[in-house]
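I opened my notebook to look up a few features of this structure. My entries follow.

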Amino acid sequence: MTKLIIQIPCLNEAEVLPDTLAKLPRSLPGIDAIEYLIIDDGSSDDTSGIARRWGVHHVVRHRGNRGLAEAFRSGIDKCLAEGADIIVNTDADGQYEGADIAKIVAPVAAGEADICIGDRSVAGNEHFGTGKRLLQRLGSYVVRTLSATDITDAVSGFRAISRDAAQRINITTDFSYTTDMLIQAGRKRLAITSVPIRTHAATRPSRLFKSIPKFIQQTGVTIVRAYTTFNSLRVFVGLGMLATLVGLFPIGRFLWFFATGNGDGHIQSLVIGGALLTVGVLISTLGILADLIATNRKLLEANMLKLRRIEEQLRQQDSDETEAPELPAADIAPVRRAAS
């Protein structure tokens, strides 16, 4: 039996949530059961109440606003605990077409991909302005390069995730999970694909960021942090070698003047070069230490994956024991006499 859970992070979405829920699919090819999950991230309106009245199967509520990344993490944990084989993440504001869930689920249900991302065709999307198109394409190019994946819409939140991929991904950012998740998935060699989807015009300003410069700043920090986490040796040793190479130039300059008999007035070049060489060695050493920490992280993630699967087995055993019918005493007695 294949279970799909569609999760929707929400923040004050009471007005638009009914329309979004009405457009969600009730059945899909290859899916035996579909359930819905609302993550109410500290809403001040009746988002949770609306979800329950509309028959949403699961509601997770945060007492305060924790941000999109934390809401996504809470949703994934709940979906895994409820036995989801495939998880779909979508928005509550109606930006994505509910019928297109079938498109992003199909590759995952068929076992062709671990993650499928809905591609909004940013370059030609009529709902995006020129500036937003350029930023989205540039950001997707950077993420695509750093994650070694072939995804053209890296920040699309409309995505389907297999159970195995959800167990392996550990979101670490506090801002947005989209780029962090892609870089992790790419470095963990998960199969990632994308399919074109339809979008609708935004009904309100984004609640994730207050301005475009703020979004660029937060996304940039997330990308750098995620990439450095999984490629610490390359990043730090690369910076160390750069500092070392730069330091060689003033040292070479001093040696040239020293060889020609004019070294007395250029001792500062030797000092600067020596300082840069020292900095380069220290940064490279930090890279080695960071790589050891990254190795330890891999071991911790492997243990977390095993722990999640053990918890899953224990929950399944408890469920089986609860559902197993008990034999009446009249039926048990003959069995005891035969055993004796």
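How much space lies in the second largest pocket? I looked it up and found about 380 Å³. Of the 17 residues that line this pocket, the closest to its centre are Arg187, Lys188, Phe230, Lys298 and Glu301. I noted the rule: on a 1 Å grid over the protein atoms alone, a pocket is an open set of points with protein on both sides within 12 Å along at least five of seven lines, and lining residues have an atom within 4 Å of a point. The volume is the space filled by probe spheres set on the points.

This is a predicted model, where local features need pLDDT of at least 70, side-chain atom pairs count only at pLDDT 80 or more, and totals for chains, interfaces and linings use all residues. Residues are numbered from 1 along each chain as its sequence is written, and side-chain values use heavy atoms, without hydrogens and water.

Helix H6 (163-168), helix H9 (232-259) and H10 each give two or more residues. H10 gives the most, seven residues. Helices here are DSSP runs (H or I, at least four residues), as are strands (E, at least two), numbered from the N terminus. I sorted the lining into five nonpolar, five polar and seven charged residues.

The patch covers about 460 Å² and is made by Leu233, Leu286, Ile288, Leu289 and Leu292. Patch residues have over 30% relative accessible area and no salt bridge, and nonpolar side chains are joined within 5 Å. Leu292 lies in H10 and is exposed at 54% relative accessible area. Exposed means over 50%, buried under 20%, partly exposed in between (1.4 Å probe, protein chains only).

Then I turned to salt bridges (a side-chain nitrogen of Lys or Arg within 4 Å of a carboxyl oxygen of Asp or Glu). I recorded 11. Arg53 pairs with Asp46, with the closest N and O atoms 2.5 Å apart. Arg53 is exposed at 57%, while Asp46 is partly exposed at 37%.

Asp153 and Arg120 meet at 2.7 Å, N to O. Asp153 sits in the loop between helix H5 (130-147) and strand E6 (159-162), and Arg120 in the loop between strand E5 (115-119) and H5, so the pair ties together parts 33 residues apart in sequence. Both residues are buried.

Arg168 and Asp164 form a salt bridge at 2.9 Å, N to O. Both lie in helix H6, four residues apart, about one turn of the helix.

Definitions and conventions: Patch = residues over 30% accessible without salt bridge, like charges linked within 9 Å, V, L, I, M, F, W, Y side chains within 5 Å. Areas by Shrake-Rupley, 256 points an atom, 1.4 Å probe, with all protein chains shown as cover. 1 Å grid on protein atoms, 1.4 Å probe; cavity = no way out; pocket = protein on both sides within 12 Å on 5 of 7 lines; lining within 4 Å. Nonpolar A, V, L, I, M, F, W, Y, C, P; charged D, E, K, R; others polar.
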